[in-house]
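Please look over the sequence and the structure before reading on.

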Amino acid sequence: MAEGQRWADSVNAWENWADGMASPADRINRPLLDLAGVQSGQHVLDVAAGVGEPSLSLSQMLGDGGSVVASDLVPAMLVALRRRARAHLHPPLPVAADMGALPFADGIFDRALCRFGLMFVPDIIAALAEMRRVLRPGGAAAIAVWGPRADNTLFNRLGMRLEADYGATAVRLLAPLFRFADPAALLAAAGQAGFTSIRHVPLSLLTPARADLPFWLPTLEMAFSPLLSDLTPDARAALHGRIARDFAADADDTERVPVALSVHLLRLGT
Ligand SMILES: C[S@@+](CC[C@H](N)C(=O)[O-])C[C@H]1O[C@@H](n2cnc3c(N)ncnc32)[C@H](O)[C@@H]1O
């Protein structure tokens with residue numbers, strides 16, 4: 001399946017869950033924006049922005065002291081982002097673009113951000129080189145990627161169930177998520193793309209997982225929409241039952257599950 005189609009099929013799920021997922025989104029945005037050194041007055045590009053994280057949170061934070069461009073391959077994602085930003089005084093500017101060929105002049109952004117997008121791009125050196133090209137001297141890019149699958153309980157448990165039940169379709173949707181769990185390839189590509197200082201910061205978070213609630217449903221729908229859309233309502237309900245039993249069997253008394261990610265901080269010399 002082409003990446004564009006995967007994400008076009010996923011827009012509804014991402015838009016439906018976006019507000020409900022604001023708190024986990026914030027726990028990821030904060031270290032990403034801190035490490036990027038985003039400050040008032042900056043012009044910031046968010047690539048693979050989807051329905052709007054981190055660009056929506058950031059544009060609210062910056063207010064009129066800065067500006068944010070939100071770009072994504074899939075125009076429908078940006079239509080959803082616009083809807084989500086309706087009540088915002090300072091919404092990001094949405095621009096449809098493949099991150100391998102950005103439609104921006106050289107050197108115009110202070111920061112470039114990418115939250116969970118780079119792993120879906122075939123040619124990451126080209127995408128990173130584009131980020132470098134549009135950054136001003138002294139600028140920086142911050143790129144969030146997932147850590148090892150085994151350290152991401154939600155993805156891992158859902159993945160085991162879906163791979164057992166649906167085989168290759170589930171494997172195809174899950175595998176790209178962990179493409180940079182080992183940071184070596186991304187670090188090497190950043191050097192080849194011309195970044196001069198490169199830092200890898202692994203992060204571990206805990207996300208609430210109340211055993212009596214389907215805490216796994218947003219992740220299921222956002223990561224696996226193309227697979228779910230082929231299921232009848234009965235098949236979907238039966239799958240939900242199997243997943244609930246899987247998590248109940250695993251449950252401990254912490255009501256939190258581990259999330260592992262890392263931020264790659266890529267800087268340009270002045
Ligand atoms: C997992 S979502 C992340 C969205 C958002 N950054 C977030 O964290 O909520 C991945 C996004 O990458 C976008 N994407 C995939 N390939 C892309 C490409 N080549 N250029 C730009 N965006 C791309 C998809 O359309 C999708 O919106």
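Predicted model: local features only at pLDDT ≥ 70, side-chain atom pairs only at ≥ 80, totals over all residues.

At what angle do helix α6 and helix α9 pack?

## Helix pairs

Helix α6 covers residues 124-134 and helix α9 covers residues 184-192; they pack at an angle of about 50 degrees. Their axes are 8 Å apart. Angles under 35 degrees count as roughly parallel and those from 65 to 115 as roughly perpendicular, with oblique as the class for the rest. The helices α6 and α9 are therefore oblique to each other. Their crossing is right-handed.

A second pair is made of helix α2 (residues 11-18) and helix α5 (residues 75-84), whose axes come within 10 Å and cross at roughly 20 degrees. With the limit for roughly parallel set at angles under 35 degrees, α2 and α5 are therefore roughly parallel to each other. The crossing of α2 and α5 is right-handed.

Roughly antiparallel requires an angle over 145 degrees. The crossing in which α10 passes α11 is right-handed.

## Around the ligand

The ligand is surrounded by 17 residues, and the closest are Ala48, Glu53, Asp72, Met99 and Arg115. Sorted by class, this shell has 12 nonpolar, 1 polar and 4 charged residues.

In the side chain of Asp72, an N or O atom is 2.7 Å from an oxygen atom of the ligand. The side chain of Asp98 has an N or O atom 3.1 Å from a nitrogen atom of the ligand. For Leu73, a backbone N or O atom lies 3.2 Å from a ligand nitrogen atom. Taken alone, the ligand exposes 600 Å², and the protein buries 97% of that.

## A loop with two backbone details

Ala48, one of the closest residues to the ligand, lies in the loop between β1 and α4. Ala48 is not a glycine, yet its phi is positive, at about 55 degrees.

Glu53 is also among the closest residues to the ligand. A cis peptide bond joins Glu53 to Pro54, with omega about 10 degrees. Pro54 is placed in the loop between β1 (43-47) and α4 (55-62).

Terms used
Residues numbered from 1 in each chain as written. Heavy atoms only, no water. Near = heavy atom within 4 Å. Polar contact = N/O pair within 3.5 Å; in protein donor to acceptor, adjacent residues only side chain to side chain. Areas by Shrake-Rupley, 256 points an atom, 1.4 Å probe, with all protein chains shown as cover. Nonpolar A, V, L, I, M, F, W, Y, C, P; charged D, E, K, R; others polar. Left-handed = near helix turned anticlockwise from the far one by under 90°. Helix = DSSP H or I, 4+ residues; strand = E, 2+ residues; numbered from the N terminus. Axes fitted to C-alpha atoms, helices over the stretch in contact; angles between N-to-C directions.
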